[in-house]
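Please find below a short note for a colleague who is meeting this structure for the first time.

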Amino acid sequence: QVRLVESGGGLVQAGGSLRLSCAASVRTVNSFALGWFRQVPGKERTLIAFGTWGGEATYYADSVKGRFTIARGTAKNTADLQMNNLKPEDTAVYYCATDPTIGSRRPKYKTYEYENWGQGTQVTVSS
């Protein structure tokens, strides 16, 4: 299994930016699939971005397109999610997920399609 740890969350004002990082316990392969999800209390965990550990994106949800960007992490075995122009509606717990057995060419929208998950990091956007 692969252990993942998200970091970089916090409190930010609307219009601000945050950069989340997903750190893996093993050496990552650039072509392996990477999904970013978010969840608010009482709601399902939904996919907001999908791509690879190498920073190639194949999907962004309409709610974040043009504001969020998948990027290669600056540290080894990490991947980042750059979040710009944050809105109060972005307040949620953010998770990264990966699975070496699933392809990265087409987005994987369901949580059960991923074997490995991080514990999540809280993002709170105030108005």
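This is a predicted model: local features need pLDDT of at least 70, side-chain atom pairs count only at pLDDT 80 or more; totals for chains, interfaces and linings use all residues.

1. The whole structure contains 3 salt bridges. In one of them, the side chains of Arg19 and Asp80 meet at 2.7 Å, N to O. Arg19 belongs to strand S3 (residues 18–24) and Asp80 to strand S8, so this pair ties together parts that are 61 residues apart in sequence. Arg19 is partly exposed, at a relative accessible area of 35%, whereas Asp80 is buried, at 2%.

2. Asp90 and Arg38 form a salt bridge in which the closest N and O atoms are 2.8 Å apart. Asp90 is in the loop between S8 and strand S9 (92–99) and Arg38 in strand S4 (residues 33–39), so parts 52 residues apart in sequence are tied together. Both Asp90 and Arg38 are buried.

3. A salt bridge also joins the side chains of Arg67 and Asp90 (2.8 Å, N to O). Arg67 lies in the loop between strand S6 (57–60) and strand S7 (68–72), 23 residues from Asp90. Through shared partners, Arg38, Arg67 and Asp90 form one network of salt bridges. Arg67 is buried, at 8% relative accessibility.

4. Gln82 is in strand S8 (residues 78–83). Gln82 counts as buried because its relative accessible area of 18% is under the 20% cut-off. Its side chain makes a polar contact of 2.9 Å with that of Asn84. Beyond its neighbours within four places in sequence, Gln82 contacts residues including Arg19 and Arg67.

5. The largest pocket holds about 180 Å³ of space. Its lining comprises 2 nonpolar, 5 polar and 3 charged residues, among them Trp53, Arg72 and Lys76.

Terms used
Residues are numbered from 1 along each chain as its sequence is written. Side-chain values use heavy atoms; hydrogens and water are left out. Helices (H or I, at least four residues) and strands (E, at least two) are DSSP runs, numbered from the N terminus. Buried means under 20% relative accessible area, exposed over 50%, partly exposed in between (1.4 Å probe, protein chains only). A polar contact is a pair of N or O atoms within 3.5 Å; within protein, one must be able to donate a hydrogen and the other to accept it, and residues adjacent in sequence count only if both atoms are side-chain atoms. Contact means heavy atoms within 4.5 Å. On a 1 Å grid over the protein atoms alone, a cavity is a set of points where a 1.4 Å probe fits but cannot get out, and a pocket is an open set with protein on both sides within 12 Å along at least five of seven lines; lining residues have an atom within 4 Å of a point. Grid points are joined across faces, edges and corners, and a volume is the space filled by probe spheres set on the points. Ala, Val, Leu, Ile, Met, Phe, Trp, Tyr, Cys and Pro count as nonpolar, Asp, Glu, Lys and Arg as charged, and the others, Gly among them, as polar. A salt bridge is a side-chain nitrogen of Lys or Arg within 4 Å of a carboxyl oxygen of Asp or Glu.
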